[in-house]
Structures are given as structure tokens and as C-alpha cells.
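Trainee: I have a new structure open and have not looked at it before. Can you walk me through it?

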Amino acid sequence: MILETRNFIAGQWQAGAATVENRNPSDLSDVIGHYAQADAAQLDAALDAARTAQVAWGATGPQKRHDVLMAIGTELMARAEEIGTMIAREEGKPLAEGKGETYRAGQFFTYFAAEALRQLGETADSVRPDIEIDVRREPVGVVAIISPWNFPIATPAWKIAPALAFGNAVIWKPANQTPASAVALTEIIAKQDLPEGLFNLVMGPGRDVGQRLVESPAVDAISFTGSVPVGRGIAAAAMVNMTKIQMEMGSKNPMVICDDCDLDLAVAHAVGAAFGGTGQKCTAASRLIVQEGIHDAFVEKLVAATQALKVGHALEEGTQIGPVVSEGQLSGNLDYIKLGQSEGAELLCGGTRLERATDGYYMAPAVFAGTHNAMRINREEMFAPVTCILKAGSYTQALHMANDTEFGLTAGIMTRDLARATHFRRNARAGCVMVNLPTAGTDYHVPFGGRGASSYGPREQGRYAEEFYTTVKTSYIFSGVPASRKTASTPCNMPTGRRISSGRCARAMSMRCM
């Protein structure tokens with residue numbers, strides 16, 4: 001049981017105006033705790049404190065930032081078992097996934113600890129004589145971070161770590177479904193020697209706290225991961241203040257199964273990509289586009305592998321799929337099952353609520369066949385343990401079907417043909433392309449993001465993160481002419497009509513020509 005249930009504002013743990021109950025989706029009798037909900041006044045206090053603290057932190061040297069981030073990352077990795085258990089308990093993903101997520105969160109911090117030491121600028125000579133140019137990156141200021149419940153430690157980590165590494169202050173509003181994970185991460189950050197108010201945890205409802213946050217002129221940048229409708233609302237609010245935005249939103253990721261692939265490998269990767277994390281991943285493979293030559297064999301093996309998956313309590317040994325996160329999520333998932341059937345899709349397995357030894361939000365993973373891209377189940381992100389099979393006659397048709405979506409986060413292909421794999425890599429309309437791999441699973445040191453309705457703004461992760469968390473400043477420096485050069489014989493490069501008759505050096509005044 002986590003005892004600390006308050007928000008962290010201006011360097012202090014504070015009770016909220018209200019609380020929300022946090023229950024284990026694997027066992028509804030298990031109440032994890034009651035967690036504070038901030039009000040508008042507390043949010044405003046956090047913003048004021050962040051503005052002041054950012055000035056101090058922005059002036060802090062890179063070694064200090066490195067040391068702080070390294071300490072956070074090291075502790076996260078050391079406590080992967082403990083915090084991973086908490087994630088499994090409140091979010092519902094199997095324990096192994098919770099531990100892996102926590103360890104990866106630690107790696108984000110240690111990676112960006114090193115990036116804090118690599119903040120190198122550029123120098124250049126001006127096209128005008130005796131002027132040098134300095135180009136460097138500076139902190140963007142106060143960053144609002146709004147993160148989802150499906151990766152309650154990893155997603156905020158890949159936002160918070162670069163924000164701090166590049167000298168910014170943070171206001172973090174996590175999802176209300178996973179407050180315990182947010183408190184655990186905040187406890188680790190709060191231990192560090194940071195200016196009071198530099199990092200703030202402000203939990204609260206999106207309609208109140210979240211909306212006020214994105215509308216605030218005190219916020220310089222907003223990094224958001226969540227749904228497309230919410231993202232569009234944030235973008236509209238941010239434009240009023242011309243606030244910098246970075247958004248990762250929906251997906252409808254295709255995996256193309258070619259007729260020359262390793263069939264068993266394709267089935268294994270399709271199952272893992274479609275149902276890992278109970279399908280509650282933005283990188284999940286929700287559209288499996290299979291060439292007709294192997295369609296029937298692939299479907300038979302896929303259904304068998306899906307039915308063999310063990311659905312159970314997230315902390316139970318051997319569980320491969322835990323419960324979905326909430327009653328509302330489960331209800332929405334089952335509605336999509338009914339929708340798919342009404343559209344004419346064939347439900348081959350799953351799609352029902354399951355009973356287990358403990359009362360929870362368990363669902364049998366579902367496979368639809370006989371689908372096409374016009375169906376809503378192939379147009380809308382379900383965020384569920386549901387995948388749809390589409391039949392393609394050729395590789396060309398399969399590629400067209402893969403790109404026939406408003407989204408473009410990840411895309412995968414299973415093939416032994418190098419030319420086909422290369423063509424797909426170059427022509428799939430997605431931010432991340434996987435060859436003979438699941439669509440889910442990315443590295444922390446390279447950029448992550450998509451196109452279309454999946455992403456907006458600069459990429460996340462890796463060195464590309466600096467594009468969002470910093471702003472570029474170009475400085476022009478004229479330092480004067482050495483005394484030995486200040487002679488009457490020094491030629492003047494200015495046009496005749498613009499020369500200066502006084503004793504001052506014409507070069508010093510040459511910027512007036514611009």
C-alpha cells in the first residue's frame with residue numbers, strides 16, 4: 001500500500017480538493033488507495049513556482065543535470081520489481097511487463113543524463129567581416145506533460161527526462177487511472193536536489209485541471225500522449241497562446257503478412273503485437289493484412305495461438321494477458337465486438353468477458369476475419385485485445401491497404417524478400433516501420449512518432465527530443481578590431497556611399513547596412 005496520496009506542488013506534498021479511488025482491475029476487492037485531485041488554485045501555484053524555479057535550473061550547469069537524472073534512472077532500475085508490481089496491480093499488465101516498463105523508464109533518465117552533457121552548439125563566420133556567430137539551444141521554459149495510463153511510468157519518463165535534461169520546469173498531469181505509479185515516480189524525483197517548484201505532480205480531472213493547464217499562458221510547451229479528440233482540443237487551446245505542442249495520439253497499425261514469410265514467426269509476432277499489454281498500446285497490430293496464398297494457414301495458426309494465451313490476474317505466474325484497465329474500457333471493447341459483427345466481420349474467437357478466481361475486467365482476446373478497410377473496426381482505434389484480418393491478393397494491394405488510414409504510427413511486414421522489405425520500408429506511410437518484427441517495441445535512443453492523425457509536432461525520444469524541449473538562439477558578436485589593425489591604411493569594404501567619415505571603424509558600423 002502506498003501511503004502518500006497527495007500532489008507534489010511547489011516542492012511540497014499537498015492534499016487535494018477531492019480524492020479518487022484506485023482499484024486493482026485484476027481484483028476489484030483490492031483498493032490500492034485514494035489519491036488527491038488538485039483544484040485550480042493549486043495548479044496556478046504550481047505554475048508560479050515552476051516559472052521561478054526554471055530560471056534557477058536553466059542556469060545550472062550540465063554536470064548537475066546529469067547527476068540528478070542519473071540518480072533518478074538508477075533508482076528506477078534498482079526498484080523495477082517493486083514499482084513494476086505496482087504498475088501490474090493498478091494498470092493490469094502482467095508483472096513481467098510492469099518490471100520491464102520500469103527498467104526502461106530508468107534507461108530514459110540515464111540516457112538523457114548523458115544528453116545533458118552533449119548540449120553542443122555551433123559557431124560560424126558571418127558573411128560580414130569581423131563578426132562571429134554563435135548558435136545554441138536554450139530551455140523552452142515551463143513544460144506541461146500530460147501522460148496516459150497504458151504506460152504510466154515509461155511514457156512520462158521519456159517526456160520528463162529530456163525536459164529536465166535541457167533545463168526546463170515540469171508540470172505533470174498523469175492519467176487518473178494510474179495515480180500510484182505517478183506518486184512512485186514523483187517520490188524518486190522529489191528526493192533530488194532540485195529548485196522547489198521545478199517538478200510538480202498535479203493530478204486531477206482533465207475537464208478542470210487539464211483544460212486549465214493547456215489554456216494557461218504560463219505554459220511554454222505541452223507534450224501530450226492520448227486520444228485524437230483530446231489532442232485536437234489541446235492543439236486548439238494551445239494556439240491561443242502560440243504554445244509549442246508535441247502530441248502522440250491514435251493509431252491503426254498494419255502488419256503485412258507476405259506469402260513468402262516464415263509462417264510460424266509471422267504468427268508469433270502478430271499475436272505478440274496484437275495482444276501484448278492487453279492490446280492497450282498505440283503500437284498494437286490491429287490490422288493483419290495477409291496475402292491470399294497463405295491466408296487460410298495463417299488464420300488457422302493465429303486463432304490457435306490466440307486461444308492458447310493465458311488470461312489472468314496480472315500478478316499470477318504464467319499470465320500472458322491481464323485485465324483491461326477499467327469497466328468503461330471493457331464496456332467499450334465489447335461494443336466494438338458487437339459493431340464488428342454488425343458490419344459483417346466473422347468473429348473467429350474471443351470477444352467475451354471472462355470470469356476468473358477474482359472479480360476483474362477480463363476479456364478473451366478476439367480475432368476478426370473477413371474484414372475490409374471500410375469497416376469501422378478497421379478505421380477507429382479500439383485500444384483493445386482485438387485484431388482484424390484483411391485478405392490481399394498481391395503485395396501491391398497489401399501496401400495500398402496498409403496505407404489506407406488516417407493514422408501512421410507503426411507498420412510492419414513479414415517477408416523473406418529483401419527487395420520487398422526495402423520497398424515497404426520506403427513506401428509505408430508510418431513513422432516507424434518494422435521488418436520481421438512486431439509493430440510494438442521501440443528503442444529509447446532513436447526518434448519515435450508517426451504521421452497523419454498519429455502525431456503532431458517534433459519527435460519524441462533520442463537526440464530528436466531536443467527539437468521540442470529547447471529553443472534555438474543565434475547570436476552575432478562583433479568584438480572589435482585589434483589595435484595593430486587600426487591604421488589609416490586599413491581598407492574599407494563598405495560601398496563608397498556608406499563609408500563613415502568619423503574615426504570609428506567602418507566595420508563596427510557595417511551591421512547598419514542590413
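This is a predicted model: local features need pLDDT of at least 70, side-chain atom pairs count only at pLDDT 80 or more; totals for chains, interfaces and linings use all residues.

Trainee: Fine. How many helices and strands does the chain have?

Mentor: The count is 15 helices and 22 strands.

Trainee: And what box do the C-alpha atoms fill?

Mentor: Along the principal axes, the box is roughly 90 × 60 × 40 Å.

Trainee: What percentage of the residues count as buried?

Mentor: The chain has 514 residues, and 54% of them are buried. Its accessible surface is about 21,300 Å², with 52% of that belonging to carbon and sulfur atoms.

Trainee: What about contacts along the sequence, what share join residues at least 24 apart?

Mentor: If you take contacts between residues at least 6 apart in sequence, 71% join residues at least 24 apart.

Trainee: Charges next. How many positive and negative side chains are there?

Mentor: There are 48 positive and 53 negative side chains. The centres of those two sets lie 10 Å apart.

Trainee: On to sheets. In what order do the strands run in the open sheet with S5?

Mentor: That sheet has three strands in the order S5-S6-S22, with antiparallel pairing. Strand S5 (122–125) and strand S22 (470–478) each have a single partner strand, so one side of each has no neighbour in the sheet. From one strand to the next, the twist averages 25°.

Trainee: How many bridges join S6 to S22?

Mentor: Strand S6, residues 131–139, is joined to S22 by nine bridges.

Trainee: Remind me, what are strands of a sheet paired through?

Mentor: Backbone hydrogen bonds, in either a parallel or an antiparallel arrangement.

Trainee: Then which strands pair with S18, and in what sense?

Mentor: Strand S13 (residues 285–291) pairs with S18 in the parallel sense over five bridges. Strand S17 (residues 366–371) also runs parallel to S18, with four bridges joining them. For landmarks, Gln-291 has Ala-392 of S18 as its bridge partner, and Val-367 stands opposite Thr-387 in S18.

Trainee: Is S18 itself mostly covered or mostly open?

Mentor: Mostly covered. S18 spans residues 386–392, and six of its seven residues are buried.

Trainee: What about S11, why is it largely enclosed?

Mentor: Strand S11 covers residues 244–248, and four of its five residues are buried, so the rest of the structure largely encloses it. Strand S10 (residues 221–225) runs parallel to S11, and five bridges join the two. One place to look is Ser-223, which stands opposite Gln-246 in S11.

Trainee: Where is Ala-10?

Mentor: Ala-10 is in the loop between strand S1 (7–9) and strand S2 (12–14). Its relative accessible area is 24%, so Ala-10 counts as partly exposed. For that label, the value has to fall between the buried limit of 20% and the exposed limit of 50%.

Trainee: And what is phi at Asn-436?

Mentor: Phi of Asn-436 is also positive, near 55°. Asn-436 sits in the loop between strand S20 (432–435) and strand S21 (455–456). Its relative accessibility is 29%, so Asn-436 is partly exposed.

Key
Residues are numbered from 1 along each chain as its sequence is written. Side-chain values use heavy atoms; hydrogens and water are left out. Buried means under 20% relative accessible area, exposed over 50%, partly exposed in between (1.4 Å probe, protein chains only). Contact means heavy atoms within 4.5 Å. Accessible areas come from the Shrake-Rupley method with a 1.4 Å probe; for residues, only the protein chains shown count as cover. Lys and Arg count as positive and Asp and Glu as negative; His and the chain ends are not counted. The place of a charge is taken as NZ of Lys, CZ of Arg, CG of Asp or CD of Glu. Two strands pair if DSSP finds at least two bridges between them. Axes are lines fitted to C-alpha atoms, for helices over the stretch in contact, and angles run from 0 to 180 degrees between N-to-C directions.
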